[in-house]
Amino acid sequence: MNKINHVAIIMDGNGRWGYKKKKSRNYGHREGLNTVKKIIDESINNKIKYLTLFAFSTENWKRPKKEIKYLFNLLEAFLHKKINDLIEKNIKLKIIGNKKIFSNKLKSILSNSERITKKNNGLQINLALNYGFKEELVTSVNKLIKTKKKVFEKDISNNLYTFNIPDPDILIRTGNTKRLSNFMLWQIAYSEIFFIKKLWPDFSKKDYKKILNTYYKTKRNFGGL
Ligand code: IPE
Ligand code: IPE
Ligand code: MG
């Protein structure tokens, strides 16, 4: 049986879910947060070490200001209200993505959340915020060219936001779309990919467990036999 170290999720479909319920896209985002909580709990139950959640991409700035504001307010409120729950659950929080663009207030909320969960050694949640793989790679390359040395694979890996984190074993994308949207294109080189039709707010613990069970039984070759 395969061991699961790392699950990465492209949580897609909140907006469409909101419309489906004859409400707003933002209503869908709020409901999506409930799915996040369920999936965190189920990841802990399955002793998964790393859970990476794609929450906001470098391309999502193209969305209406009102929606962007709602998403970041939701994030701030979550970190404010739930940080004690994260500590209690022994969760370590890490932000991946380019934080430079954020307001000082948000930067300090994020770094405080990382700091106070730093010593936890249960599930590590990598929250991808203003994350895009092309930006991540360019940042990594710009650090490396300064060293003026020949570059090896491990040098690239060690300069990505995900340094020291094993590559995802599983990548899940909900929302009935089969694309990667600039998410962890290096790290998912050998991940088992699951494209799920359900919209993120409808994704359940049962759906998640089904994926984990399929993965446990999958023969992984990594190019070998
Ligand atoms: C959530 O789903 C992803 C985020 C950017 C937070 P969407 O907001 O992309 O929802 P759809 O795909 O438009 O339905
Ligand atoms: C990917 O979803 C980004 C997140 C889940 C945060 P999008 O909804 O932004 O992807 P596209 O634009 O449909 O490719
Ligand atoms: Mg979408």
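Visitor: Which residues lie nearest the centre of the largest pocket?

Guide: Met 11, Asn 14, Phe 54, Ala 55 and Phe 56, out of 37 lining residues. A pocket is an open set of points on a 1 Å grid over the protein atoms alone, where a 1.4 Å probe fits, with protein on both sides within 12 Å along at least five of seven lines; lining residues have an atom within 4 Å of a point. This is a predicted model: local features need pLDDT of at least 70, side-chain atom pairs pLDDT 80 or more, and totals for chains, interfaces and linings use all residues. Residues count from 1 along each chain as written, chains are lettered from A and ligands numbered from 1 in written order, and side-chain values use heavy atoms, leaving out hydrogens and water.

Visitor: Which ligand sits in there?

Guide: Ligand 2 sits in the largest pocket, meaning more than half of its atoms lie within 2 Å of the grid points.

Visitor: OK, which residues are around ligand 2?

Guide: Among them are Ile 10, Met 11, Asp 12, Phe 54, Ala 55, Phe 56 and Asn 60, each with a heavy atom within 4 Å. Arg 63, Arg 173, Arg 179 and Ser 181 are also around ligand 2.

Visitor: How far is an oxygen of ligand 2 from an N or O in the side chain of Arg 179?

Guide: 2.7 Å. For Arg 63 the distance is 3.2 Å, and for Arg 173 it is 3.3 Å. A polar contact here is an N or O pair within 3.5 Å.

Visitor: And how much of ligand 2 does the protein bury?

Guide: The protein buries 78% of the 390 Å² that ligand 2 exposes alone, by the Shrake-Rupley method with a 1.4 Å probe.

Conventions:
Polar contact = N/O pair within 3.5 Å; in protein donor to acceptor, adjacent residues only side chain to side chain.
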